[in-house]
Amino acid sequence: MAKYGSDQVGFMLLGSYSMLGSTSKLEDTVELKLSQTDVLGTSDEQWWSSGARKTDLTQDGWFDDASNGHHEAFKGLPTTHLPLTIAPHGNAGGLAIDMYPSVGRVNYTVQVSVGDVHKAQSQYSINGGKKAGVIAFPLGTKVAAANTDSDDVTISATHPAGTGGGSTVLHVTELTGTPTNCTIKLRHSTDGITYADLTTFAAVTPANVAAGVASEYATIAGQINKWVSVAWAYTGGSAPTVTFTVGVHVTPAP
Amino acid sequence: MAKTYRATKGFSCPADPESMKRLQSARKLEAGEKREALLAQVAWMDVEKGAKVEPYNDFILRSLLENECVEEVKANG
């Protein structure tokens, strides 16, 4: 069992917003929902569970009004739900991530105290629980249209990684140059030779990134193969660059 | 008569037999400069769903079929 430290956190992305630079503490609590079922005439408590879980996520840190940062994400508490992904072990292909399919921004507290740095706390509402995923493409910047087939990621020691589907998440934090849009695909392979399209994310525009919403969580049906890669391509414009990450979650066998 | 295939989904694969050989050789190596050099010389081709596909050898055909990327186009279909 390995131990991990705060310096290893690779990224924390809400839509296109990067939270890492202003976060000092995260609390992620998953609770099994219980109903008390003991009845009159019994002396010992009894509990029943459907298996449903409740996830709570809170974030402490510094007030930061950087572009596409913490304050921009939470000021005014927008009602748009966005995917959230945290990479607690680092930013490299194959490392574990926590994927939250759809989160709301429900509480934002700014603390200003004499002699102290301004602080900010936020609270999320979690819809769809938390998915244990891996990084298929680490957060990084790419230029011309290409793919990572030569630098694929092995997501499972055995093939296939799973047969019961799963999900994938995309976060785009920058799209520069003058492209009209950028389309990113997740691919998978049985043999590390041919990579078939698994998910084609909706095209992302510069306006999506500026609005903080350039992200998507998508479900995957059927088999997910052992090797995954990503591909990206642009429409229109010139000198494009895109900064993004893709994660994938494989539904465990029952 | 050579069989004709159609892409059932978008995919990418080595673009030619030489790229295929380089990729296979690279996969057998541990991470390092030699492996990276070989991988950098692999040309990839992107194929859109519905495109006509002419596999350049049996190995790539097997890979395409195993990954369910192509289907044979019947003469009367």
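In chain A, the C-alpha centres of domain 1 and domain 2 sit 22 Å apart. Keep in mind that this is a predicted model.

**Where the chain A domains touch**

- The domain assignment puts 9-33 + 53-127 of chain A in domain 1 and 135-250 in domain 2.
- Domain 1 of chain A brings 24 residues to the contact, and domain 2 of chain A brings 23 residues.
- On the domain 1 side, the elements of chain A that supply two or more residues are β1 (11-14), β2 (17-18), α1 (70-74), β7 (82-87) and β8.
- Sorted by class, that side of domain 1 of chain A has twelve nonpolar, eleven polar and one charged residues.

**His118(A)**

- You'll find His118(A) in the loop that links β8 (96-111) and β9 (119-127) of chain A.
- His118(A) counts as partly exposed because 13 other C-beta atoms lie within 10 Å, which falls between the cut-offs of 12 or fewer for exposed and 20 or more for buried.
- Setting aside neighbours within four places in sequence, His118(A) has contacts with Trp62(A), Phe63(A), Val110(A), Gln111(A) and Val112(A).
- Lys54(A) is 64 residues away from His118(A) along the chain, and their C-alpha atoms are 31 Å apart.

**Chain B**

- Chain B has three helices and five strands, in the order β-β-α-α-β-β-α-β from the N terminus.
- The C-alpha trace of chain B spans about 50 × 25 × 15 Å along its principal axes.
- Chain B has 77 residues, and 25% of them count as buried.
- Of the chain B contacts between residues at least 6 apart in sequence, 76% join residues at least 24 apart.

Conventions: Residues are numbered from 1 along each chain as its sequence is written. Chains are lettered from A and ligands numbered from 1 in the order in which they are written. This is a predicted model: local features need pLDDT of at least 70, side-chain atom pairs count only at pLDDT 80 or more; totals for chains, interfaces and linings use all residues. Helices (H or I, at least four residues) and strands (E, at least two) are DSSP runs, numbered from the N terminus. Two residues are in contact if their C-beta atoms, placed from the backbone, lie within 7 Å. Domain bounds come from an automatic or database domain assignment. Ala, Val, Leu, Ile, Met, Phe, Trp, Tyr, Cys and Pro count as nonpolar, Asp, Glu, Lys and Arg as charged, and the others, Gly among them, as polar.
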